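Please open the model in your viewer and keep the selection panel at hand. The tour begins with the whole chain and then moves through a few selections.

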Amino acid sequence: AKKMTDLGHHWSQGNFTYKFQIVEDWVEVPANHADYPISAGDDVDHSAEAYALAEKNIEKVSQLIVENLPANLDFEAADIVVPVWSTNITEFTMPVTWRGGGLRDPNGRRTDLLFMGNSTYMHDSLEYTWSVIAHDFLHLQGLNEHAPGATFATHIGSMHRPSEFGWSAIMNSWETFLLNWFDESQIHCIQIKEITEPQEVMLTPLETFGGERKTIIIPTADYKALVVESRRPVGYSDTWPAEHSGLLVYEVDTDTDHLDHGPNQCSNSRENPKWSYYLLPDGAKENYKCNNPEPYFMQPGETLTHSGVVIEMAHAGDEVDYVRVSPTDQDELAPSGNARSNTLGSDQA
């Protein structure tokens, strides 16, 4: 709970706080978990068939646990119940999330509680249970996550525990923007049709708390935008190798299909429908290893040309990255379009 509270404070720059009521001891439910299987086999399965198989028991399990919690908890003040299973519970191999409401607390009162219990596969990395829960909390707060770079471990919305290339608990800047956790002055919006000369911006890495500018958003066409963010292998990204430093640029499409989980899902592959994809710097070659984001980090002197603009990392400072955005040939500029006000509108970006 302490780690999640600190993490939410960092994500939101102090604009949001998770608050917890903690049950200090184990709660024993007088039922055999084997009688309520929430599983489609030995491995975690995100298929529709697996969820259909599990759904019939999820409400029963949620009700059993809630009614056996200590009666002195303030259920009226609570939004969600998050139990952590004992490792001897083997029949819950899928996340147990109940959003139907109508659960009864130990005093028999109906509640509107959400319920989210971690599945046993989290115990493979028990010390990162907090980050798995943090990832799922953001789903319940309305975020798609799982992009850009679905297995790149570049943010909490992709991997939520270490991979061979490290791991980051940072939120990507687009979804931070959607939750209104940036100050308006920290978002540098560039309308392509208004670029008459290069614009220069100093970006503070997302790993650093605060900063004058945190992201560049460039609307490109209806429902689409380019997003630029600065990153460093420090703080909540300190397991990254040193070369994971510089700019990350991705294209957002708010009106496209999006598949949260899929068979053979691999990182940035456009074979898997996603709301965003990382873009490679000019001349860089795709690395088809699923978890490796290294080719996508822009280094000083590199450029990235896309949708009528050239994004250049001019210099990497100790505390900020210096970014230059220039138009390509005026005849090739893409129309900026009239994007939806709740996604890419200039009054927000």
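A residue is called buried when its relative accessible area is under 20%, exposed when it is over 50%, and partly exposed in between, with a 1.4 Å probe and protein chains only. By that criterion, buried residues make up 49% of the 349 residues in the protein. This is a predicted model, in which local features need pLDDT of at least 70 and side-chain atom pairs count only at pLDDT 80 or more, while totals for chains, interfaces and linings use all residues. Residues are numbered from 1 along each chain as its sequence is written, and side-chain values use heavy atoms, with hydrogens and water left out.

Colour the chain by secondary structure to see four helices and 14 strands; these are DSSP runs numbered from the N terminus, helices being H or I of at least four residues and strands E of at least two. With a contact taken as heavy atoms within 4.5 Å, 65% of the contacts with a separation of 6 or more join residues 24 or more positions apart.

Next, select helix α1 (residues 2-11) together with helix α3 (residues 129-140), which pack at an angle of about 50° with their axes 10 Å apart; the axes are lines fitted to C-alpha atoms over the stretch in contact, and angles run from 0 to 180 degrees between N-to-C directions. α1 and α3 are therefore oblique to each other, given that angles under 35 degrees count as roughly parallel, over 145 as roughly antiparallel, 65 to 115 as roughly perpendicular and the rest as oblique. Show side chains here: Lys3, Met4, Leu7 and Trp11 of α1 meet Trp130, Ile133, Ala134, Phe137 and Leu138 of α3.

Now move to strand β10 (residues 246-253) and pick Glu251, which counts as buried because its relative accessibility is 12%.

The remaining stops concern the backbone in loops. Select Gln13, in the loop between α1 and α2 (48-67), where phi is positive at about 55° although the residue is not a glycine; Gln13 is buried, with a relative accessible area of 16%. Asn180, in the loop between α4 and β6 (187-189), likewise has a positive phi, of about 65°, without being a glycine, but Asn180 is exposed, at 62% relative accessible area. Finish at Pro148, in the loop between α3 and α4 (173-178), where the peptide bond from Ala147 to Pro148 is cis, with omega near -15°.
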